[in-house]
Amino acid sequence: MANEKNQQTLVSLHKSLTDIETFYVVDYQGLTAGQLGKLRKDIREKGGQLIVAKNTLINRALQDGGRDFTDALKGPSALVLAQTDPAGVAKALSDAAKSNDKGIPAIKGGFVEGNKVDVKVVERLASLGSKQQLQAELVGVLSAHLSNFVGILEAYKTKLEEQGA
């Protein structure tokens, strides 16, 4: 019979992975307790969650969901779930890696919106910025175009009024 603690961890992993479309597998070995705590906090602020468990349990939970990450689960690994902002969570991981000379946490692989991706895709995603930043840029671009359009309509209205008078 399997260890009861491992069974509980596996059930917890299954619950955590329910309805998750984006997650990253990272190497966290070498981080101090303080750095790991700060990383957890930064990820939580971006709408994510850091889960540290045995590779065999992570692998089993992922395979039960039809996702195979056997190749990425070598050495100490953690699972970083991104519930709301995949780019923001990737940026938090990237910023944490840049803040220390070891480059840890190191991304081993990822699963973004239902597709398995390699490290380079996750790095590009991290360079985009957060979802809120991208939405703000889009609103700025749209409002500028709408403002120009309103200006053109007002000018045309004025022209028609002058012609009618």
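Helix α1 (residues 4-17) and helix α3 (residues 55-64) have axes that come within 9 Å and cross at roughly 45°. Here, axes are lines fitted to C-alpha atoms, for helices over the stretch in contact, and angles run from 0 to 180 degrees between N-to-C directions. Helices are DSSP runs (H or I, at least four residues), numbered from the N terminus.

This is a predicted model, in which local features need pLDDT of at least 70, side-chain atom pairs count only at pLDDT 80 or more, and totals for chains, interfaces and linings use all residues. Residues are numbered from 1 along each chain as its sequence is written, and side-chain values use heavy atoms, with hydrogens and water left out.

| Helix pair | Axes come within | Crossing angle |
|---|---|---|
| α1 and α3 | 9 Å | roughly 45° |
| α2 and α4 | 8 Å | roughly 155° |

The α1 and α3 helices are therefore oblique to each other (under 35 degrees counts as roughly parallel, over 145 as roughly antiparallel, 65 to 115 as roughly perpendicular and the rest as oblique). Their crossing is right-handed, meaning that the near helix is turned clockwise from the far one by less than a right angle. On the α1 side, the contact (heavy atoms within 4.5 Å) includes Leu 10, Leu 13 and His 14, and on the α3 side Ile 58, Arg 60 and Asp 64 are among the residues.

Helix α2 spans residues 33-45 and helix α4 residues 86-98, and their axes cross at roughly 155°. That makes α2 roughly antiparallel to α4. The crossing of α2 and α4 is right-handed. In this pair, Leu 39, Asp 42 and Ile 43 of α2 meet Val 89, Ala 92, Leu 93 and Ala 96 of α4.

Conventions: Helices (H or I, at least four residues) and strands (E, at least two) are DSSP runs, numbered from the N terminus.
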